[in-house]
Amino acid sequence: MSKIGYLIIIIVAIVAVAAFLAFPRPQAPMAQTATSTATPQKIVLYMATTTSVKDTGLLDVLIPDFEKWATSRGYNIEVRYTAVGTGQALAMAARGDVDVVIVHAPSLEKQYLENGTLKCRDVIAYNFFIIVGPRDDPAGARGLTATEAFRRIAEAKAPFVSRGDRSGTHLMELSLWRRAIGREPDPKNDTWYISAGAGMGQTLLLANEKRAYTLSDTGTWLRYRDKLPQLDVIVQAAPDLINIYSFSIVKLSNATRLMAQYMKTRGLEVIGNLTINGVPLFTPINKADPKAMEWIKTAIFGPSCVER
């Protein structure tokens, strides 16, 4: 072979080697060890809940505790909530705006279970409604039943502040008016009747300012009591004023099922430990006494979320 032939072979060989070295080659995957610290993908859960759950301070302890509990089980969950009246919370659920709800109007919740908005439901806690009003009780309602007290307030045309927001508290109030006077007061014609269109805390503050009566849940009353020097409890907690809270799933997922599991286990302990001056703001359902369970049993309906 001529010298030119050898030279051509050498040049071709050099070009081939250079091309091989320049061409990118796939890297072998790195072996993952059992001690991998990769953070799970964040899941955002949207909750609609009642203002009384917020105003009592329950969400301030419940949500961080759930997020920590979920992390210990391999989930990275952030809960974002909107606190509104029960009617608005369930309307948000119907629009698909939220994943879960905590509400307290069993008759309304039943409708949303039947139409498929709520996939499941668990009663988690209760407290009571009370009637609060001016310390001097101008309507003479102190110590009466709730229905009799509302009748006296209407007859005296004593100022009454309604939440007016289709919340569970508002719906209970309207049912008491229908029993007491056969109708629902109209703020346009009944000048003594004030519609606040606000949450429980703000309604109590307005009632204090107006020296008016109102219907409150015991939890929010205990939380706000020191800010309400003009008001006192006029009608104490009673069986017909029981206030039942439930947790429901709107969108079934691993994350919402996990929250349901929490609400029926660890969450009940957190709820029961929330106190003001040693007085519980709620009673978790697993600590209900037999008499209270008799009052609650008609509000236990629908498939349980821990079984979905």
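**Entry 1. The chain as a whole**

I began with the overall composition. The predicted chain holds 308 residues, of which 48% are buried. I recorded 12 helices and 12 strands. For the accessible surface I noted about 15600 Å², with 55% of that area belonging to carbon and sulfur atoms. I then turned to contacts between residues at least 6 apart in sequence; 74% of these join residues at least 24 apart.

I next examined strand E4, which covers residues 120–134. All of its residues, 15 of the 15, are buried, so the strand is largely enclosed by the rest of the structure.

Which strands pair with E4? I listed the partners one at a time.

- Strand E9 (residues 242–249) runs antiparallel to E4 and is joined to it by 8 bridges. Within this pairing I found Asp122 opposite Phe247.
- Strand E12 (residues 283–284) is also paired with E4 in the antiparallel sense, here over 2 bridges. Ala125 has Pro284 of E12 as its bridge partner.
- Strand E7 (residues 214–217) is antiparallel to E4, with 4 bridges between them. Ile131 is bridged to Leu215 of E7.
- Strand E8 (residues 231–235) is likewise antiparallel to E4 and joined to it by 4 bridges. Gly133 faces Asp232 of E8.

**Entry 2. The disulfide at Cys120**

I then searched for disulfides and found a count of 1. The cysteines concerned are Cys120 and Cys305, whose sulfur atoms are 2.2 Å apart. This pair ties together distant parts of the chain: Cys120 belongs to strand E4, while Cys305 lies in the segment after helix H12 (290–296), 185 residues apart. I checked the cover of both cysteines and noted that Cys120 and Cys305 are each buried.

I moved to Ser304, which is placed in the segment after H12. Its relative accessibility is 15%, and Ser304 therefore counts as buried, the cut-off being under 20%.

What does Ser304 touch, leaving aside residues up to four places away in sequence? I found Cys120, Arg121 and Asp122. As to distance, the C-alpha atoms of Ser304 and Arg121 are separated by 5.4 Å, although the two residues are 183 residues apart along the chain. With Asp122, I recorded a polar contact between the two side chains at 2.7 Å. Asp122 is also the residue that stands opposite Phe247 in E9. A polar atom of the Ser304 side chain additionally lies 3.3 Å from the backbone nitrogen of Val306.

**Entry 3. Thr256 in helix H10**

I looked up Thr256, a residue of helix H10 (residues 254–263). With a relative accessibility of 0%, Thr256 counts as buried. A polar atom of its side chain lies 2.9 Å from the backbone nitrogen of Ser253.

Not counting residues up to four places away in sequence, I listed Leu45, Asp99, Val100, Phe247, Ile249 and Lys251 as residues touched by Thr256.

**Entry 4. Helix H7**

My last item was helix H7, which has 14 residues (168–181). From its first C-alpha to its last, H7 reaches 20 Å, close to the 20 Å expected at 1.5 Å a residue.

How many residues of H7 are buried? I noted 10 of its 14, and the helix is thus mostly covered. Among them are Gly168, Thr169, His170, Met172 and Glu173. Further along H7, I also marked Leu174, Ser175, Leu176, Trp177 and Ala180 as buried. As background, I noted that an α-helix has 3.6 residues a turn, so residues three or four places apart point the same way.

Finally, I checked the residue that follows H7. It is Gly182, and its phi is positive, near 80 degrees.

Terms used: Residues numbered from 1 in each chain as written. Predicted model: local features only at pLDDT ≥ 70, side-chain atom pairs only at ≥ 80, totals over all residues. Heavy atoms only, no water. Buried < 20%, exposed > 50% of the residue type's maximum accessible area, 1.4 Å probe, protein only. Pairing = 2+ DSSP bridges. Disulfide = S-S within 2.5 Å. Expected span 1.5 Å × (residues − 1). Polar contact = N/O pair within 3.5 Å; in protein donor to acceptor, adjacent residues only side chain to side chain. Contact = heavy atoms within 4.5 Å. Areas by Shrake-Rupley, 256 points an atom, 1.4 Å probe, with all protein chains shown as cover.
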